Amino acid sequence: MYLTYIDESGKPERTDSENEFVLAALIINEREWKNVDNKVKDIKKKYFPGRDPESFEIHATDIINKKSTFKSMHLNTRLELMTDILKVISEIDCRIVSVIIRKDMLYNPEFDVEMNAMKYLFERLCYFHNKANEAEELEEYGLMLIDSVNPKYDNKMRARIKEWNLRGSEYNKSDYMIEDPIFVDSKYRHLSQLVDCIAYCVRKRYRSKTTDFKEKRTYEGFYNIIEEKFLRKYSEIDGYGVKIFPKCCGGERPSGHNPPTE
């Protein structure tokens, strides 16, 4: 079975000062789970020796903004911690999928940012599972583990994902996704904490408002560490591992809107 951990970065509300909303997924096979979980624990022990690694959460916003567990850490140490987390992702057998919604380029007031981001992500997960199963003798199914937001959001998303699994989304149909996603608390899931860092770094890498050269260089460097793990068709990431919507200023259905197909 493939386990897909999903988390978001940014806020879906169009009134928010940040233009980008990101939904990201980290896909691993269940055979890798224990190895990856132990790698995250080792990093926690490295930076917080003597502390129970289950007692605190790796959270990118807190690391970068010197909050909570990381409030006493020097900037260089916090950047080293982020680098070590991303290196774990670069070293394991995994795939990354991310969806970036540019809210400032949306013209339809009815466009549901969260739901459409999940739909685009779901379609790419279907693509991944279809391709992965071409090479498998036995079928391997996929389970989605989504960081919980609140009961209203969770129930709404659960119902829509179940509908996509049964009837297909606008462009794709699932043959391998287990119908009911699991909503989790990232405090208790080390791999949810990894995908939190992925989503944050992707949002910062594609942030349109950044004018600080040093900040751009930092997130470009973070992104480069994990770039090879993004889902591709041959060598193409655009539209597969990274889906940006809209891609142009002319509206909400630019060319390249469709999900990847063979």
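**Figure 1. Strand E1 contributes three residues, the largest share, to the lining of the largest cavity.** Strands, labelled E and numbered from the N terminus, are DSSP runs of at least two residues. This is a predicted model, in which local features need pLDDT of at least 70, side-chain atom pairs count only at pLDDT 80 or more, and totals for chains, interfaces and linings use all residues. Residues are numbered from 1 along each chain as its sequence is written, and side-chain values use heavy atoms, with hydrogens and water left out. The lining consists of Ile 6, Asp 7, Glu 8, Leu 23, Ile 146, Asp 147, Val 149 and Tyr 153. Five of these residues are nonpolar, three are charged and none is polar. E1 and strand E4 (142–147) each supply at least two lining residues. The space in this cavity is about 30 Å³.

**Figure 2. Strand E2 (residues 20–29) is largely enclosed by the rest of the structure, because 10 of its 10 residues are buried.** Buried denotes under 20% relative accessible area with a 1.4 Å probe, protein chains only. In a regular strand, side chains alternate between the two faces of the sheet. One side of E2 carries Glu 20, Val 22, Ala 24, Leu 26 and Ile 28, and the other carries Phe 21, Leu 23, Ala 25, Ile 27 and Asn 29; all are buried.

**Figure 3. E2 pairs antiparallel with strand E1 (residues 2–9) over eight bridges.** Pairing requires at least two DSSP bridges between two strands. Nine bridges join E2 to strand E3 (residues 94–102), also in the antiparallel sense. Leu 26 of E2 stands opposite Tyr 5, and its bridge partner in E3 is Ile 96.

Terms used:
Buried means under 20% relative accessible area, exposed over 50%, partly exposed in between (1.4 Å probe, protein chains only). Helices (H or I, at least four residues) and strands (E, at least two) are DSSP runs, numbered from the N terminus. On a 1 Å grid over the protein atoms alone, a cavity is a set of points where a 1.4 Å probe fits but cannot get out, and a pocket is an open set with protein on both sides within 12 Å along at least five of seven lines; lining residues have an atom within 4 Å of a point. Grid points are joined across faces, edges and corners, and a volume is the space filled by probe spheres set on the points. Ala, Val, Leu, Ile, Met, Phe, Trp, Tyr, Cys and Pro count as nonpolar, Asp, Glu, Lys and Arg as charged, and the others, Gly among them, as polar.
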